[in-house]
Each structure stands twice: as C-alpha cells, then as structure tokens.
Amino acid sequence: MYRNPFSIFIILSLISISLAQTPDQCKQCAADPCGCQLFKCSKTLEFPSNTQDLSKGFSGCQQTDGQLVDGDIIQQLQGICSCPYVNIDENCKPIGNSGIMLGSGFELTGQNTEDLKKLGLNEKLLAKLSPYFAKYENPVQYLMNNQVEFSQQEIENFQVIMMGSEISNLQKYYDKGLYSKSQYGKLSKERTKFSELSKGVRTVIYSQDRQYGKPDNFQNMWNYALRVDFQKMLDQLAKEGKSNDRSLSEYYILKFCMEKCSESKKVNILFVMDGSGSINNNNPNNFKTQTDFVRNIIQSTKLGDDSYQIGLLLFSDINELLSDFSSNQAALINALNKMKYPAGNTYTNQALIEAKRLFQQQSIRRPDSLNIMFVLTDGIPSDTILDSTIQDLKDQEVQRYAVGIGSGIQESTLMYISGDNKQDKSRVYQVKDFDKLQSLINSLNVAACSTPQDVKITQPSFQTSLDGQGSQYFQFLQKYVSLTIIVKDLVQTTSLFLTNYQLSLAQELQSSILEDVEVYYSFTYDMPNQYINDGQGEQKDGKISLVINNDKTNTSKIYIIQNNIISLCNFEEEIIWQDQSLCQLGEFTISEMRRKLHTLQQLTLMQTMQRRL
C-alpha cells in the first residue's frame with residue numbers, strides 16, 4: 001500500500017510540536033517542578049505554609065530511643081510530590097546529575113528492583129516504579145510522555161523504605177567518623193554514637209543530608225555534629241537562615257529541642273471549695289478571700305487543651321459543679337463571679353466522692369493527664385471523711401493538696417485529706433501562701449522552661465521540675481564564680497533554705513530518682529551536656545554536688561568582688577545604703593575591694609534579718 005511520505009512527515013512534526021516545552025513552562029517548572037505544566041499532577045507539592053512553627057509539633061524531640069528520625073518533620077521540610085518529576089533549570093535542562101524523583105525528593109533513576117525488594121517494597125508498587133529506574137537521555141521528555149500518579153499510601157510505603165535506607169547509611173557514616181575534616185579539630189575517641197544523639201539533633205542532620213546529598217556537601221554542619229557542638233550547629237543554621245527559609249526552620253527545631261525541658265504535660269486541676277457557714281465565722285470576708293484566691297490562680301495559669309484545664313466544685317449541704325474541666329479562662333472566671341455563698345454545712349466526704357467521679361470522667365477524655373486536687377476548707381467537716389474515699393483518690397493517682405481558710409483551721413483534717421498518712425503535712429497550705437502554690441502549679445508543667453532561667457548569685461535556693469526525659473538550663477549572670485551547688489530531691493528535703501546554694505528538685509512522683517539526674521556546667525557553652533561541659537556533678541549520699549570554680553587569678557578575684565558589689569547594691573529596691581560610697585567602683589586594691597564587699601554583706605544580712613523579723 002502506497003503511503004504519502006509528506007503526510008507522515010506532517011503527523012510526526014505535529015506530535016513533536018505538541019510535546020515541546022515553552023519558555024514559560026520551563027520557568028514554571030524550574031521554580032516548582034511538582035505538578036507543573038510539564039510534569040502534570042493532580043496535587044502540587046504538599047508543604048506547610050509556615051515551617052518556622054514545625055518545632056511546636058515535634059513530639060519527643062529530646063528522646064534518644066525509638067525512631068532515629070521524625071519522618072513527618074522531614075516530609076514537611078522537604079515536601080511531598082505524588083508524581084515523578086525532574087529538577088530543571090529555566091531552559092528545561094536537568095540540574096547537575098538530577099534524574100527522575102518522587103515523594104520527598106527521592107531519586108528513582110538508578111534504583112535497583114532487587115535491592116528495593118530486599119528492603120521490603122512490595123512487588124505491585126515496584127512494578128509501577130521500575131520504568132523510572134532507567135537513565136534516560138532526555139528525562140523531561142520521558143516524563144511528558146509517561147505521566148503517572150501515585151496514591152498517598154503508595155507514597156508512604158515508598159518513603160518509609162527510602163528514608164530507612166538513607167538513615168541507615170547516615171548512621172554508619174556518623175559512627176565511623178567519615179567525612180571528618182581536620183580543621184574542625186580532632187574527633188574524641190569516646191565520641192557519642194548516632195543513636196545516642198537526641199531525635200531532634202538526628203532529624204536536623206538528616207534534613208541536611210536530604211537537601212545536599214552527602215556530608216561532603218554540608219561540611220560545617222556535619223563536622224559540628226560529629227563533635228557534638230550543638231551551639232555551633234545553631235549558629236551555622238542561624239547564619240544560613242538569613243537567606244534560606246529551610247535552614248531557619250531547622251534552626252527553630254534544633255533550638256526548641258535543645259532548650260525544651262520535656263514533653264508538654266496535660267494537667268487537670270480541680271478546686272474543691274468550702275461554702276459552709278463556718279468559713280465566715282471568724283471573718284465575714286473569708287469566703288470572698290477564697291474566691292479571690294482561686295480567681296488569681298486561674299488568671300496566672302496558662303490554660304490550654306494540651307496543658308492545664310481547671311474545674312470548679314463548690315460544696316456545702318450539696319455539691320455544685322460551677323465548671324467542669326475547661327481551658328476557657330473567661331468562662332471559669334465568669335463561673336466564679338456568679339457563685340453564691342451557700343453558708344450551709346460542710347459535707348466534705350460527699351465532695352471528695354464527687355471529685356473522684358469528675359476525675360474519672362476527665363481521665364477518659366484525657367487519659368495521659370496528671371490529676372491535681374486543691375481542697376479549700378477550714379477543716380471542720382459535718383460528715384466523716386472515710387478511709388475508702390481517700391484511698392479511691394489515691395488509687396486514681398490524684399495528687400491532693402489542702403488549703404486552709406480562716407483562723408479556726410482544723411489542721412488534722414487538712415493533713416488527712418492531703419497527706420500520705422495522718423501525720424503528713426507536706427501538702428498543707430494556707431490561703432496566704434498564694435505565691436508558694438502558684439510556684440507549685442507552675443512546676444507541674446515541666447514544658448514551661450524553654451529558655452535558661454536566670455539565677456542570682458545571692459539566691460540561696462531555687463526549685464525546678466524534671467520528668468525523666470527533659471533538660472533544664474540555668475545561667476548565673478556572673479562570669480567568674482566560686483560556689484557549690486547541691487541538688488536534692490524536694491521530697492526528701494525538709495528545709496528550702498540551707499547555708500549553701502541549693503537546687504531543690506521537685507519530682508512529679510514521690511520517689512527519689514536522682515540516680516537518673518545528671519548535672520553539668522560550662523563557662524562558655526549555653527547548653528552544657530554530657531559531651532560538652534567544663535565539669536559535672538558527683539552523686540553521693542542521695543545528692544549531687546557540683547563544685548564550680550573559675551576564680552583562679554587576681555583579675556578574676558577583682559571581677560568577682562566587683563560583680564558581687566554590683567549585685568548587692570542592686571539587691572532589692574527597698575534597701576537604701578547609708579554609705580553610698582560602698583557602691584562606687586573604681587581602681588581599688590583587692591584588699592580594699594574585699595573590705596567593701598564584707599561591709600555590704602553585713603548590711604545585707606542585717607537588712608534581711610530585719611525583714612524576716
């Protein structure tokens with residue numbers, strides 16, 4: 001059969017023209033290849049609108065066990081494309097040796113079917129992927145002629161396999177110290193393993209690997225990571241973040257995970273308030289005082305669905321639930337404002353049974369939350385508080401506190417309600433102890449310490465809380481110091497004010513876990529850890545002693561004295577020094593400075609004792 005060669009030529013030419021790339025298409029696909037006009041896809045690149053907030057959703061970033069890397073964070077940083085694509089320039093030429101890619105930038109070109117099969121990729125998905133494993137002379141044209149889209153489940157299966165393989169290789173490189181450069185210093189023989197780094201650090205390292213391909217392409221970050229120098233990693237990311245949004249996102253993630261105390265704790269607080277007539281017997285304003293106390297606590301507590309929720313229960317002849325557990329501060333305050341004074345009897349046992357029921361319901365809604373109960377009463381019940389009622393609250397792991405109101409307080413009842421036994425008064429407070437109770441509530445949520453806490457050298461003691469997987473950072477404003485810090489479990493501590501500097505460690509559980517606590521310090525590094533520090537505490541006799549001494553030269557001694565004088569002169573505004581010359585600094589000898597300091601210390605001690613008296 002005779003065919004017209006001219007007709008065939010025309011048809012082929014038309015096909016060629018229809019698949020050619022226009023300059024606009026090339027520019028569009030160079031800027032964003034996923035779902036562009038050349039590599040058509042029903043979905044464009046899935047990417048968060050504000051990656052700087054990724055750190056807020058990073059759960060478990062300080063943990064060292066479990067998954068090595070948070071895959072969700074990587075996918076959000078890298079983006080996910082459901083269709084194959086090629087990274088091209090504005091002339092539609094592949095960039096570098098870039099081949100066909102899929103998902104979060106995983107290379108398909110050059111992959112081996114058998115290798116992926118051994119890694120666990122199923123045969124059906126392999127059959128769909130395998131045409132893209134070959135190296136094509138014109139991968140752009142090939143994709144234009146062979147467009148395909150993968151389901152979300154197929155992408156997830158593919159990503160898990162590819163990430164696992166890459167992370168395994170990265171771990172080998174890290175543990176062997178490969179790609180290390182001598183200009184960054186020698187590697188320690190006792191260097192930490194990749195698996196011993198926190199998940200947050202590992203995730204940022206892998207994010208760099210995903211961007212740049214191999215450690216040689218991100219030498220600074222890789223070598224800082226090998227030397228476990230987190231501060232330089234942060235500095236490098238902050239520098240890169242000025243012109244690179246992804247580096248800025250990585251900076252926020254690393255900073256958050258390094259400074260974050262621990263995972264956010266959900267806390268349910270129930271205020272059980274006494275509305276009996278005996279409350280106002282000695283003072284007609286006691287019921288109002290109680291209401292104001294609870295209102296102040298609500299207003300000064302950061303509420304949220306993932307942190308604190310507060311419930312309000314008023315009891316007298318009957319129980320009145322003013323508000324179930326809520327994070328709505330305005331609604332809680334409104335409920336308090338509408339509360340009427342019953343002025344009836346004091347059916348405390350009945351109120352505690354109702355409290356148990358409310359906690360049971362809340363535990364279903366928030367199963368991993370901490371339950372706290374504050375019973376505000378004068379401690380004079382009209383009914384008998386049963387052992388079984390207290391035991392039920394203990395069995396439900398409700399932490400119980402009793403707050404006395406008025407002058408005729410029956411302390412034995414408060415101890416019975418709150419203590420581990422009838423002689424335990426460790427959780428008995430008075431309404432006047434508002435500041436102590438607020439500090440206690442603040443310490444319950446250990447995620448409240450995302451930045452280092454300033455500690456004055458004049459401060460005799462301070463409290464903090466750890467939950468077993470977090471870190472807490474403190475900083476002394478003085479550079480040159482010579483002091484000893486004693487770390488104790490608050491459960492075992494009877495006095496907060498000791499002769500030495502003390503860090504009282506408040507545990508959420510009532511068992512001492514100081515054997516799991518480590519303390520480090522550094523003069524130059526903002527976040528000392530087990531790898532970078534100038535010294536660490538020594539465990540002995542149930543406490544940790546941390547001796548800090550940076551007072552080695554005469555210059556240092558003068559600096560210490562000067563800083564102490566400045567600190568003492570600024571110590572509490574109400575102190576007015578009679579001799580203002582004591583606070584003037586200048587060219588003094590060491591002995592002169594010591595005399596000034598000694599005089600100031602005596603004045604400070606005298607002023608302090610007068611205030612306490």
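Is Cys-29 buried or exposed? In this predicted model, in which local features need pLDDT of at least 70, side-chain atom pairs count only at pLDDT 80 or more, and totals for chains, interfaces and linings use all residues, Cys-29 is buried, with a relative accessible area of 1%. Residues are numbered from 1 along each chain as its sequence is written, and side-chain values use heavy atoms, with hydrogens and water left out. The term buried means under 20% relative accessible area, whereas exposed means over 50% and partly exposed lies in between, as computed with a 1.4 Å probe on protein chains only.

The chain contains 19 helices and 18 strands, where helices (H or I, at least four residues) and strands (E, at least two) are DSSP runs numbered from the N terminus. Of its 613 residues, 46% count as buried, and the accessible surface comes to about 32000 Å², with 48% of this belonging to carbon and sulfur atoms; these areas come from the Shrake-Rupley method with a 1.4 Å probe, and for residues only the protein chains shown count as cover. Among contacts (heavy atoms within 4.5 Å) with a separation of 6 or more, 69% are accounted for by residues 24 or more positions apart.

A search of the whole structure finds four disulfides, a disulfide being a pair of cysteine sulfur atoms within 2.5 Å. In one of them, Cys-29 and Cys-36 are joined with their sulfur atoms 2.0 Å apart, and the torsion about the S-S bond is about 100 degrees, so this disulfide is right-handed. Cys-36 is also buried, with a relative accessible area of 3%. Another disulfide is formed by Cys-34 and Cys-81, with sulfur atoms 2.1 Å apart. This pair links distant parts of the chain, with Cys-34 in the loop between helix H2 (23-31) and helix H3 (71-78) and Cys-81 in strand S1, 47 residues apart; both Cys-34 and Cys-81 are buried. Cys-41 is joined to Cys-83 by a disulfide with an S to S distance of 2.0 Å, and this pair likewise links distant parts of the chain, Cys-41 lying in the loop between H2 and H3 and Cys-83 in strand S1, 42 residues apart.

Met-233, placed in helix H10 (residues 230-240), is buried at a relative accessible area of 1%. Not counting residues up to four places away in sequence, Met-233 touches Val-201, Ile-205, Met-221, Tyr-224, Ala-225 and Leu-254; Met-233 and Leu-254 are 21 residues apart in sequence and 8.6 Å apart in space, C-alpha to C-alpha.

Positive phi values in residues other than glycine were also found. Phi of Cys-92 is near 65 degrees, and Cys-92, in the loop between strand S1 (81-85) and strand S2 (101-103), counts as buried at 7% relative accessibility. Phi of Tyr-179 is near 65 degrees; Tyr-179 lies in the loop between H7 and helix H8 (199-212) and is partly exposed, with a relative accessible area of 26%.
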